[in-house]
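Please look through the sequence and the fold below before reading on.

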Amino acid sequence: MCIFCDIIDHKIPSAVVYEDEKVLAILDISQVTYGHTLVMPKKHVRNIIEADEESVLACVSVAKKLAAQIVKNTKANGVNVLTNCGEAAGQSVDHLHFHIIPRYDENDAIELKFNESPKQDLAEVLKTVKG
Ligand code: 5GP
Ligand code: ZN
């Protein structure tokens with residue numbers, strides 16, 4: 001179905017960090033920082049919005065435990081746990097996955113920066129967000 005399904009089916013080799021009936025966690029081939037890991041449901045679901053709740057909760061539960069394990073074992077100073085949803089958000093593989101990215105210092109290879117943006121009327125934003 002997709003490259004991650006082939007990894008889950010062991011048709012493509014990967015470095016398995018954790019596996020159970022619902023979830024697979026593997027080292028990301030790109031290793032944006034040392035220990036960069038991907039947590040994905042074994043069921044093919046495209047992203048966090050389209051996924052069933054069970055798949056999301058199973059992944060988040062594993063991601064929480066692995067984030068702690070990876071930070072401890074890599075001696076990282078922090079960790080980003082994130083999922084990209086949609087091309088505009090940087091999703092390149094359309095099979096839900098959570099990145100666990102250990103952080104070492106502000107000069108490591110990832111920069112998550114919230115730039116200055118125009119002030120918004122929060123009452124108006126709230127109306128839009130709540131629909
Ligand atoms: P996205 O950009 O969709 O949030 O993240 C996809 C991630 O999958 C990227 O960080 C990329 O390095 C990783 N990736 C893509 N193909 C493979 C692969 O064949 N094996 C592994 N281990 N990671 C992959
Ligand atoms: Zn898939």
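The points below concern a predicted model, and they are grouped by topic.

- Strand 3 spans residues 37-41, and because five of its five residues are buried, the strand is largely enclosed by the rest of the structure; buried here means under 20% relative accessible area.
- In a regular strand the side chains alternate between the two faces of the sheet.
- In strand 3, Thr37, Val39 and Pro41 point one way, while Leu38 and Met40 point the other way, and the residues on both sides are buried.

**Strands paired with strand 3**
- Strand 2, made of residues 23-27, runs antiparallel to strand 3 and is joined to it by five bridges, and in this pairing Val23 has Pro41 as its bridge partner.

**Helix 2**
- Helix 2 covers residues 53-74, a run of 22 residues, and its first and last C-alpha atoms lie 31 Å apart, which is close to the 32 Å expected at 1.5 Å a residue.
- The buried residues of helix 2 include Val62, Ala63, Leu66, Ala67 and Ile70.
- An α-helix has 3.6 residues a turn, so residues three or four places apart point the same way.
- The buried residues of helix 2 pack against strand 1 (16-19), strand 2, strand 3, strand 4 (78-82) and strand 5.
- Just after helix 2 comes Lys75, which takes a positive phi of about 60°.

Key
Residues are numbered from 1 along each chain as its sequence is written. Chains are lettered from A and ligands numbered from 1 in the order in which they are written. This is a predicted model: local features need pLDDT of at least 70, side-chain atom pairs count only at pLDDT 80 or more; totals for chains, interfaces and linings use all residues. Side-chain values use heavy atoms; hydrogens and water are left out. Buried means under 20% relative accessible area, exposed over 50%, partly exposed in between (1.4 Å probe, protein chains only). Helices (H or I, at least four residues) and strands (E, at least two) are DSSP runs, numbered from the N terminus. Two strands pair if DSSP finds at least two bridges between them. The expected span of a helix is 1.5 Å times one less than its number of residues. Contact means heavy atoms within 4.5 Å.
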